[in-house]
Amino acid sequence: MSQRYQAVVFDLDGVITDTAHFHFLAWRELAQSLGLPFDEAFNEKLKGIDRMGSLALILAQGSQQYGDAEKLALADQKNAHYQELIKTMSAEHLLPGALETLIAVRDAGLKIGLASVSKNAAFVLDRLGISDRFDYVVDAALIQRGKPDPEIFLNAAEHLGVAPAACLGVEDAVAGVRSIKAAGMYAVGVGDPAVLTEADDVIPSLRDFKLSRYLTA
Ligand code: G6P
Ligand code: MG
């Protein structure tokens, strides 16, 4: 028996759980300590952007120049605070429909991957109690180019042993959807269709994820 899709590769933040608020708290404290502005609207721009890229955007709000060692120290400071915050996470932080989707995909015999640029992704999965529901979790430390580059989704497909064309990718960010499409996968957007215009299908949340809809297409 063969079916068109053999794996589903999920983004983490904004799809399976919402760590954006914890990133927000940690970045805001750092920005404020440097006398830089930071609010929820600015935080939106950081979704899906890796740690050093996010720091660069925050520092660009001011005129002071920082050397590489200083930037690394600032990023470490933010990350230490973020790690303190995410220690409080538990299964209660799973977004609606996330667990049910992971169960349904595995029950249907498809492989499951995680493609998050967060170096804390494995820890977050552990806190959520869902680590063993993934066949492969991309190690963000090994990824050279962030989304929208296809590298992270291609890495997931390769390690799952499934051709990209036989993978569904699930993302809430525009750059993430672009990464999925560039990898040659079918893109399921989670959010607003007016925003995720490049996705092949858009659902409001994983509560609305119906695997059969893609398998029979
Ligand atoms: C996700 C978040 C970003 C965060 C990035 C890196 O993509 O949406 O806001 O900057 O991961 O996370 P990390 O845990 O490695 O600092
Ligand atoms: Mg996301």
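The structure is a predicted model, in which local features need pLDDT of at least 70, side-chain atom pairs count only at pLDDT 80 or more, and totals for chains, interfaces and linings use all residues. Residues are numbered from 1 along each chain as its sequence is written, chains are lettered from A and ligands numbered from 1 in the order in which they are written, and side-chain values use heavy atoms, with hydrogens and water left out.

I begin with ligand 1. There are 14 residues around ligand 1, and those that come nearest are Ile49, Arg51, Ser118, Lys119 and Asn120; a residue is near if one of its heavy atoms lies within 4 Å. By class, this shell holds four nonpolar, five polar and five charged residues. Here Ala, Val, Leu, Ile, Met, Phe, Trp, Tyr, Cys and Pro count as nonpolar, Asp, Glu, Lys and Arg as charged, and the others, Gly among them, as polar.

Which atoms of Ser118 lie 2.6 Å from an oxygen atom of ligand 1? An N or O atom in the side chain of Ser118 does. For Ile49, a polar backbone atom is 2.6 Å from an oxygen atom of the ligand, and for Leu46 a backbone N or O atom lies 3.1 Å from a ligand oxygen. The protein covers 95% of the 390 Å² of accessible area that ligand 1 has on its own, by the Shrake-Rupley method with a 1.4 Å probe.

I turn to the strands. Helices (H or I, at least four residues) and strands (E, at least two) are DSSP runs, numbered from the N terminus, and two strands pair if DSSP finds at least two bridges between them. Strand β1 (residues 7–10) runs parallel to β2 (residues 111–114), joined by four bridges. Strand β3 (residues 136–137) is also parallel to β2, with two bridges. Gly113 in β2 stands opposite Val9, and in β3 its bridge partner is Tyr136.

Next comes the metal. The magnesium ion (ligand 2) is coordinated by Asp11 (OD), Asp13 (O) and Asp172 (OD), at 2.0 to 2.2 Å; donors are N, O and S atoms within 2.8 Å of the metal (3.2 Å for Na, K and Ca), and sites may look incomplete because water is not among the atoms. Asp13 lies in the loop between β1 and α1 (20–33) and Asp172 in the loop between β4 (167–171) and α8 (174–182), so the pair ties together parts 159 residues apart in sequence.

Finally, Lys147 and Pro148 are joined by a cis peptide bond, with omega about 20°. Pro148 sits in the loop between β3 and α7 (151–160).

Note on methods
Polar contact = N/O pair within 3.5 Å; in protein donor to acceptor, adjacent residues only side chain to side chain.
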